[in-house]
Amino acid sequence: MKKLTLILLCLLLVAAFGCTSRQSGEGETLPTPTQKAADPTAEPIEPTPAPNEPTQPPASTVALSFSSEDQNGSIIDESYLEDKSVVMLNFWATWCGPCISELPALQRLYEDYAEQGFAIIGVLVDGTVDDASQLIESNGITYPVIVLDGDLLTMAMGYQYVPTTVFVDGNGNALGEEYVGSNDYSTWAAVVEGLLN
């Protein structure tokens, strides 16, 4: 009985004091990196980047590195981005119903905005392009579909869901936000128009 009481007491103490959440907006606000929590009259400390923190590459370099064969046998690599203003990277899978259902909308988007410097690369996260060839053909997909390679593989490792869509510029730098889930044509068109303008 003493053992059970001691365990319950420990659990109550941990629950009460050991697992409190101190997120901004809940209770006290956390000090920002430019504030000292202990001395409110001290001069602010400016944050310095960590040695391994990524920096913005010069405009003449490409932020992504990849090379993969598409459904037509062409090699698609970072040079595909160079003359584009906005490139949609759509990470999808052959077993994903929402991914497949948005393919016609993506093809229409590709056709409607290509002359404005927009392109799409479909990035298959499962299997090979040959495995997806029937889906590609039946949906009339003419934009390149490739498999994970290089930096695209690294990016995909951080995604928990498909489809996940990101946009990059001609240098491979991220534009806007990451989109998780499928969208219809009008939703994607609004996003693309916003990024092109």
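Against which elements do the buried residues of α3 pack? They pack against β3, α2 (97-101), β4 and α6. The paragraphs below lead up to this helix and then move on to its surroundings.

The structure is a predicted model, in which local features need pLDDT of at least 70 and side-chain atom pairs count only at pLDDT 80 or more, while totals for chains, interfaces and linings use all residues. Residues are numbered from 1 along each chain as its sequence is written, and side-chain values use heavy atoms, with hydrogens and water left out.

The confidence of the predictor in each residue is expressed as pLDDT, from 0 to 100. For the chain the mean pLDDT is 76, and 69% of the residues reach 70 or more. Over residues 1-62 pLDDT stays under 50, and for this stretch the model has 24 contacts beyond four places in sequence, a contact being heavy atoms within 4.5 Å. Among the elements of the chain, helix α1 (residues 2-18) has the lowest mean pLDDT, 37, whereas helix α3 (residues 103-113) has the highest, 98.

Six helices and seven strands make up the elements of the chain. Helices (H or I, at least four residues) and strands (E, at least two) are DSSP runs, numbered from the N terminus. Along the sequence they follow the pattern α-β-β-β-α-α-β-α-β-α-β-β-α. Of the contacts between residues at least 6 apart in sequence, 67% join residues at least 24 apart. Of the 197 residues, 33% count as buried; buried means under 20% relative accessible area, exposed over 50%, and partly exposed in between (1.4 Å probe, protein chains only).

Helix α3 has as its buried residues Leu103, Ala105, Leu106, Gln107, Leu109, Tyr110 and Tyr113. A salt bridge is a side-chain nitrogen of Lys or Arg within 4 Å of a carboxyl oxygen of Asp or Glu. Because Asp112 and Arg108 are four residues apart in helix α3, about one helical turn separates them. An α-helix has 3.6 residues a turn, so residues three or four places apart point the same way. Asp112 is partly exposed at 38% relative accessibility, and Arg108 is partly exposed at 43%.

A search of the whole structure finds two salt bridges. Lys84 is buried, with a relative accessible area of 17%, whereas Asp83 counts as exposed at 62%.

Strand β3 contains Asn90, which counts as buried at 0% relative accessibility. The side chain of Asn90 makes a polar contact with the side chain of Thr165 (2.8 Å). A polar contact is a pair of N or O atoms within 3.5 Å; within protein, one must be able to donate a hydrogen and the other to accept it, and residues adjacent in sequence count only if both atoms are side-chain atoms. Leaving aside neighbours within four places in sequence, the contacts of Asn90 include Glu102, Leu106, Ile121 and Thr165.

Another buried position is Ile146, at 0% relative accessibility, in strand β5 (residues 145-147). Beyond four places in sequence, Ile146 is in contact with residues including Phe66, Ile76, Ile121, Val129 and Leu152.

Helix α6 has 12 residues, which at 1.5 Å a residue should span 16 Å, and its end C-alpha atoms are 16 Å apart, which agrees; the expected span is 1.5 Å times one less than the number of residues. In α6, Tyr185, Trp188, Ala189, Val191 and Val192 are buried. They cover an arc of only 165° around the axis, which puts them on the same side of α6; the arc is that of the directions from the helix axis to the C-beta atoms. What covers these buried residues includes β3 (86-92), α3, β4 (118-124), β6 (164-168) and β7 (174-180).

Asn197 lies in the segment after α6 (185-196) and is exposed, with a relative accessible area of 81%. A polar atom of the side chain of Asn197 lies 2.9 Å from the backbone oxygen of Glu193. Asn197 and Ser85 are 112 residues apart in sequence, and their C-alpha atoms are 9.9 Å apart in space.
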